[in-house]
Amino acid sequence: MAQTITLSLTPKQAADSKFYTSAVAKQLGVKQSDIALLRIVKRSVDARRNILRRIL
């Protein structure tokens, strides 16, 4: 089932796909191996706080 999830990440975290895959798995309450496909739909940067937002 497709779901949309919003993550707030630092630039270092956003560069590591394993990090945000584990963050999504934790937010959904499933194992990383249960995630078949992870697609970034939108990226945005909060210039005030240097935080990247990724909508998956």
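1. Let's start with helix α2, whose buried residues are Y20, T21, V24 and A25. Buried here means under 20% relative accessible area, exposed means over 50%, and partly exposed is in between, using a 1.4 Å probe and protein chains only. Why do these residues sit on the same side of α2? They cover an arc of only 145° around the axis, and that puts them on one side together; the arc is taken from the directions from the helix axis to the C-beta atoms. An α-helix has 3.6 residues a turn, so residues three or four places apart point the same way.

2. A word on what you are looking at: this is a predicted model, in which local features need pLDDT of at least 70 and side-chain atom pairs count only at pLDDT 80 or more, while totals for chains, interfaces and linings use all residues. Residues are numbered from 1 along each chain as its sequence is written, and side-chain values use heavy atoms, with hydrogens and water left out.

3. Now for the overall layout. The protein has two helices and three strands, in the order β-α-α-β-β from the N terminus. Helices (H or I, at least four residues) and strands (E, at least two) are DSSP runs, numbered from the N terminus. Of the 56 residues in the protein, 23% are buried.

4. Back to α2 and its dimensions. The helix has twelve residues and spans 17 Å from its first C-alpha to its last, close to the 16 Å expected at 1.5 Å a residue; the expected span is 1.5 Å times one less than the number of residues. On the face turned away from the buried side, you will find the exposed residues K18 and K26. Just after α2, G29 has a positive phi of about 75°.

5. Which residues make up the largest nonpolar core? There are eight: I5, L7, L9, A14, Y20, V24, A25 and I35. In soluble globular proteins, nonpolar side chains tend to be buried together.

6. A polar atom of the T21 side chain lies 2.7 Å from the backbone oxygen of S17. Leaving aside neighbours within four places in sequence, T21 is in contact (heavy atoms within 4.5 Å) with Q32, I35 and L38.

7. Finally, please look at S8 in strand β1. Is S8 buried or partly exposed? S8 is partly exposed, with a relative accessible area of 44%. S8 and S44 are 36 residues apart in sequence, and their C-alpha atoms are 9.6 Å apart in space.

Terms used
Core = buried A, V, L, I, M, F, W, Y, C linked by side-chain atoms within 4.5 Å. Polar contact = N/O pair within 3.5 Å; in protein donor to acceptor, adjacent residues only side chain to side chain.
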